[in-house]
Amino acid sequence: MKIRPLHERVVVRRQEEEKTTAGGIVLPGSAAEKPNQGEIVAVGSGRILDNGEVRPLSVKVGDKVVFGKYADSNTIKIDGEDLIIMSENDIYGVLEG
């Protein structure tokens with residue numbers, strides 16, 4: 001199944017959670033902090049401006065992004081995979097390199 005977000009929304013696949021600390025301590029799932037990074041898997045058409053024009057999004061499918069800690073409040077499950085739908089405004093930046 002595919003999803004097409006509307007307007008200025010994007011769909012993000014969260015990066016895998018860290019299971020082991022840098023010191024080698026294994027964390028149980030409930031203790032591991034959810035990463036605030038992910039990959040964009042779908043984008044909407046853009047923000048509709050007051051004059052009716054559509055401003056395209058600054059991100060594209062495949063971009064690795066950093067987002068806010070609470071941006072995952074709109075988590076959905078598609079084909080057994082948890083995805084996050086968020087506004088482009090919830091994205092802090094694109095990781096390059």
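At 29% relative accessibility, Glu-81 counts as partly exposed, a class lying between buried (under 20% relative accessible area) and exposed (over 50%), with a 1.4 Å probe and protein chains only. The model is predicted, so local features need pLDDT of at least 70 and side-chain atom pairs count only at pLDDT 80 or more, while totals for chains, interfaces and linings use all residues. Residues are numbered from 1 along each chain as its sequence is written, and side-chain values use heavy atoms, with hydrogens and water left out.

Glu-81 forms a salt bridge with Arg-13 (2.4 Å, N to O); the term denotes a side-chain nitrogen of Lys or Arg within 4 Å of a carboxyl oxygen of Asp or Glu. This pair connects strand 7 to strand 1 across 68 residues, strands being DSSP runs of E with at least two residues, numbered from the N terminus. Arg-13, partly exposed at 32%, also meets Glu-39 in a salt bridge (3.9 Å, N to O). Shared partners join Arg-13, Glu-39, Lys-64 and Glu-81 into one network.

Glu-39 has Lys-64 of strand 5 as its bridge partner. Strand 2 (residues 37–43) and strand 5 (residues 64–67) pair in the antiparallel sense over three bridges, where pairing requires at least two DSSP bridges. Strand 5 also runs antiparallel to strand 8 (residues 91–95), joined by four bridges.

The largest nonpolar core has eleven residues, among them Val-10, Ile-40, Phe-67 and Ala-71; such a core is a set of buried Ala, Val, Leu, Ile, Met, Phe, Trp, Tyr and Cys residues joined through side-chain atoms within 4.5 Å. Strands 1, 5 and 7 each give two or more residues to this core.
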